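This report covers helix packing, aromatic ring pairs and the surroundings of selected residues. The sequence and structure come first.

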Amino acid sequence: MGRKKALTKEELFQTTGQLIRTDGIHGVHFKKLSEKLEVGRSTLYEYYRNKDQLLIAYLREIMNEMNGRIESIPHHLKANEKLRKFLFILLDHAQIHQVERMIRDIQTSDQELAAYYMEQLAEEHQKAYQIMIDWIEEAKREGIWSAEVDTGIIADIIFHAILFPHKNKVGNEQMADQILNLIEHGVAAHKLTK
């Protein structure tokens, strides 16, 4: 199964991501990857000792990419616009949640390495969460969002939007717009009086 050009980690991660989306995490095997990439399995072993190491490294890579996109959101935007972009990026990287949950179940031979990567992923996760919290508080200070609604509840709605199955029907951009519209305007057709 010869190949004229060298395999890059980007190609490996891209194909890994495709397999996860189509076959689930348990459908990712070095044999299937080598066939899709048109390389021998031994080539994959030059990068990672086993599937578990590959999946952990893949998750770390997409988490870093997601956080890079979040950190590049322009600071001059209003807080609610930053949060809209944040939510879109989060929805665009929803596979992180799926892979992260499954990695917890992986029975890797190198538990220490897996624990180390999971700790790093938790730190990256917390960094993204803190950025979101800061922007929610900013939206409240600016009077864009009500200070009466608990920041943690808003954060939970935004952060857990990746679990909403409807996002697959409407797409990430429309889902982000709808959730932020719901947060900002509610669902009532008219304002209720107290």
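Helix 1 and helix 2 cross in a right-handed manner; a crossing is left-handed if the near helix is turned anticlockwise from the far one by less than a right angle, and right-handed if clockwise. Helices here are DSSP runs (H or I, at least four residues), numbered from the N terminus. The model is predicted: local features need pLDDT of at least 70, side-chain atom pairs count only at pLDDT 80 or more, and totals for chains, interfaces and linings use all residues. Residues are numbered from 1 along each chain as its sequence is written, and side-chain values use heavy atoms, with hydrogens and water left out.

**Helix packing**

Helix 2 spans residues 30–37, and its axis lies 10 Å from that of helix 1 at an angle of about 120°. Axes are lines fitted to C-alpha atoms, for helices over the stretch in contact, and angles run from 0 to 180 degrees between N-to-C directions. Helix 1 and helix 2 are therefore oblique to each other (under 35 degrees counts as roughly parallel, over 145 as roughly antiparallel, 65 to 115 as roughly perpendicular and the rest as oblique). From helix 1, the contact (heavy atoms within 4.5 Å) takes in Glu11, Leu12, Thr15, Thr16, Leu19 and Asp23, and from helix 2 Lys32, Leu33, Lys36 and Leu37. By class, this contact of helix 1 with helix 2 has 4 nonpolar, 2 polar and 4 charged residues. Ala, Val, Leu, Ile, Met, Phe, Trp, Tyr, Cys and Pro count as nonpolar, Asp, Glu, Lys and Arg as charged, and the others, Gly among them, as polar.

The axes of helix 1 (residues 9–23) and helix 4 (residues 51–71) come within 10 Å and cross at roughly 100°, which means that helix 1 is roughly perpendicular to helix 4. Helix 1 contributes Leu12, Phe13, Thr16, Gly17, Ile20 and Arg21 to this contact, and helix 4 contributes Leu54, Leu55, Ala57, Tyr58 and Glu61. The contact of helix 1 with helix 4 has 7 nonpolar, 2 polar and 2 charged residues.

**Aromatic pairs**

The whole structure holds 6 aromatic pairs. Rings of Phe, Tyr and Trp (its six-membered ring) pair if their centres lie within 6.5 Å; planes under 30 degrees apart count as stacked, over 60 as edge-to-face and the rest as tilted. Two of the pairs are tabulated.

| Pair | Centre to centre | Angle of planes | Class |
|---|---|---|---|
| Phe13 and Tyr48 | 6.4 Å | 35° | tilted |
| Tyr129 and Phe159 | 5.1 Å | 90° | edge-to-face |

Phenylalanine 13 in helix 1 and tyrosine 48, in the loop between helix 3 (41–45) and helix 4, are 35 residues apart. Both phenylalanine 13 and tyrosine 48 are buried (under 20% relative accessible area, with exposed over 50% and partly exposed in between; 1.4 Å probe, protein chains only). Tyrosine 129 in helix 7 and phenylalanine 159 in helix 8 are 30 residues apart. Phenylalanine 159 counts as buried at 8% relative accessibility. Ring pairs also join Tyr129 and Phe159 with Phe86 and Trp135 in a cluster.

**Valine 149 and threonine 151**

Valine 149 sits in the loop between helix 7 (111–141) and helix 8 (151–159). With a relative accessible area of 38%, valine 149 is partly exposed. Apart from neighbours within four places in sequence, valine 149 contacts Lys140 and Ile154. Threonine 151 belongs to helix 8 and is buried, at 10% relative accessible area. With neighbours within four places again left aside, threonine 151 contacts Ile133, Ile136, Glu137 and Lys140.

Terms used:
Helices (H or I, at least four residues) and strands (E, at least two) are DSSP runs, numbered from the N terminus.
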